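Work through the exercises below with the sequence and the model side by side, and try each task before reading its solution.

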Protein chains: 2
Amino acid sequence: MAYALAGKLAARPGRRDELRDLMLESGAALDAMPGCMLYLISEARDDADALWITEVWNDEAPHRASLQLDAVRAVIERAMPIIDMDRMEQVHLVPVGGKWPGGPWPG
Amino acid sequence: MAYALAGKLAARPGRRDELRDLMLESGAALDAMPGCMLYLISEARDDADALWITEVWNDEAPHRASLQLDAVRAVIERAMPIIDMDRMEQVHLVPVGGKWPGGPWPG
């Protein structure tokens with residue numbers, strides 16, 4: 001069953017650009033993971049320190065496995081000191097339909 | 001500049017399935033809008049009344065224009081009575097990169 005995550009990741013004040021660049025590295029590490037359908041990094045428009053990460057996976061298992069990838073773990077380790085953990089939000093989702101690049105949602 | 005929206009849409013208690021079906025209709029109405037890159041409807045896993053809508057547009061203008069489409073306005077009108085407006089959340093985003101279906105984020 002498809003699985004998605006929508007989450008806010010807030011940087012410590014003034015450090016969003018650094019955190020964004022780290023998350024872009026993390027996104028690049030997921031390019032080769034076939035279970036990862038989407039991993040989109042966005043800047044919040046109304047909160048200078050917040051990023052939003054949208055992840056769509058074909059199942060929850062490959063998402064869990066991705067957190068064990070060396071490249072992802074290395075990014076997490078470097079990101080931790082600049083993340084404001086108190087402002088973190090994460091919502092677990094089950095995608096059910098809509099428009100997807102190239103056609104309807106394939107799930 | 002690309003534009004994205006992440007938002008929670010909560011149904012009145014017990015009416016999420018109805019709201020989901022209405023949002024799927026709205027998603028179908030966006031199939032023909034070229035500026036709409038993604039419109040994903042998801043059920044929150046830990047909140048029986050909540051949906052999350054993830055929208056990605058190539059610019060904010062076509063998003064605003066979509067709200068004026070007859071088909072979309074008709075869905076909004078039918079959805080309003082079953083939405084719990086007090087629980088609505090919406091975050092405006094600027095996508096900056098990551099993995100996109102078929103390759104890297106094209107923005």
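**Exercise 1: the extent of the interface**

Chain B and chain A bury about 3,100 Å² between them, 63% of it on carbon and sulfur atoms, where buried area is the accessible area (1.4 Å probe) that two parts lose on being put together, summed over both. This is a predicted model, in which local features need pLDDT of at least 70 and side-chain atom pairs count only at pLDDT 80 or more, while totals for chains, interfaces and linings use all residues. Residues are numbered from 1 along each chain as its sequence is written, chains are lettered from A in the order in which they are written, and side-chain values use heavy atoms, with hydrogens and water left out.

Task: state how many residues each chain brings to the contact.

Solution: with contact taken as heavy atoms within 4.5 Å, chain B supplies 34 residues and chain A supplies 34 residues.

**Exercise 2: salt bridges**

Task: find which side chain meets that of A:Glu60 in a salt bridge.

Solution: start from the rule, a side-chain nitrogen of Lys or Arg within 4 Å of a carboxyl oxygen of Asp or Glu, which gives a count of 2 salt bridges between chain B and chain A. In one of them, the partner of A:Glu60 is B:Arg45, at 2.8 Å from N to O.

**Exercise 3: paired strands**

Task: determine how strand β4 of chain A runs relative to β2(B).

Solution: strands are DSSP runs (E, at least two residues), numbered from the N terminus, and two of them pair if DSSP finds at least two bridges between them. Here 6 bridges join β4 of chain A (residues 89-100) to β2(B), and the two run antiparallel; A:Gly97, for instance, has B:Ile41 as its bridge partner in β2(B).

Key: Helices (H or I, at least four residues) and strands (E, at least two) are DSSP runs, numbered from the N terminus.
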